[in-house]
Amino acid sequence: MLQDVFEEYAGDYDRWFDEHNDEYQKELSRIRQVLPSPDSRSIEIGVGSGRFAVPLGIRIGIEPSRALCRMAQARGIEVIRGRAEALPLGDGCCSLALFVTVICFLDNPEAAFREIHRTLSSPGYLITAFIVREGKIHRKYLREGGKGRFLSRARFYSQEEVSSFLKETGFEVRDIDTRSGFCVIAAQKV
Amino acid sequence: MKRSILPILCCPVCKGDLVLTVTVGDEQVIREGKLHCPVCRVDYPIEDGIPDLLPRDRSV
């Protein structure tokens with residue numbers, strides 16, 4: 001099970017951000033450009049070890065991996081162990097959701113988008129960032145095997161497919177930035 | 001976990017309210033305890049300050 005990989009190799013996952021700092025900082029910068037100012041009701045779904053939430057000012061995170069939960073907690077995140085497809089969050093309780101490089105690991109991304117839509121207040125924002133199928137980063141991982149332990153089981157999507165998921169689950173796409181195989185979509189609950 | 005996040009939490013399956021039991025904690029922070037869903041009859045543990053709200057049935 002993919003979740004077991006994140007339990008066993010959580011340290012490797014977290015070290016990637018130190019070993020690829022330029023790539024990490026570029027992704028952070030692009031998310032920051034479209035991210036509304038976080039407040040106390042902002043949340044990251046799939047917070048991992050907190051590498052995005054902490055610098056972006058998001059204080060609450062959902063994460064299925066126990067090992068990554070502990071890392072995020074150690075970085076000051078209020079972390080809840082849970083899955084994107086079955087969020088343990090009440091209707092309309094969040095103002096902003098961040099969802100970075102998660103959909104490729106989900107069995108049912110559409111179910112996750114429906115859950116995020118349910119938990120957002122209106123008009124809440126969802127910022128989704130992902131590795132584009134057959135884009136520069138995906139091709140690099142296929143060629144070099146970097147992050148292979150994690151990404152070998154991932155399922156990648158095109159910008160059009162993710163936009164379609166968002167529209168079908170009740171979001172309106174406000175901004176799309178696809179560069180270098182990494183796409184950031186800002187969407188709003190309608 | 002801080003008690004301040006309790007109002008946003010619900011059962012991941014039925015989305016109903018959860019009943020809190022604290023075994024270690026204070027007025028602001030909960031270290032150990034459980035969140036019980038009376039509808040699903042499931043206990044979700046809180047360990048080392050992290051509530052485990054994964055659905056017990058992977059198919060959910």
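Tutor: One begins with a definition: a polar contact is a pair of N or O atoms within 3.5 Å, where within protein one atom must be able to donate a hydrogen and the other to accept it. The model here is predicted. Across the interface of chain B and chain A, ten residue pairs are in polar contact, both residues being at pLDDT 80 or more. By class, the side of chain B that touches chain A comprises twelve nonpolar, one polar and seven charged residues.

Student: How many residues of each chain are in contact, and what area is buried between chain B and chain A?

Tutor: On chain B 20 residues take part, and they meet 23 residues of chain A. The buried area is about 1800 Å², with carbon and sulfur atoms giving 56% of it.

Student: How many salt bridges does the rule find across this interface?

Tutor: The rule requires a side-chain nitrogen of Lys or Arg within 4 Å of a carboxyl oxygen of Asp or Glu. It finds four between chain B and chain A. One of these salt bridges joins B:D48 to A:R70, with the closest N and O atoms 3.7 Å apart.

Student: Which backbone nitrogen lies 2.8 Å from a polar atom of the side chain of A:E63?

Tutor: The backbone nitrogen of A:G48 does. A:G48 is also among the residues that A:E63 touches, others including A:V47, A:L68 and A:I80.

Terms used:
Residues numbered from 1 in each chain as written. Chains lettered and ligands numbered in written order. Predicted model: local features only at pLDDT ≥ 70, side-chain atom pairs only at ≥ 80, totals over all residues. Heavy atoms only, no water. Contact = heavy atoms within 4.5 Å. Buried area = accessible area lost by both parts, 1.4 Å probe. Nonpolar A, V, L, I, M, F, W, Y, C, P; charged D, E, K, R; others polar. Lists of a residue's contacts leave out its neighbours within four places in sequence.
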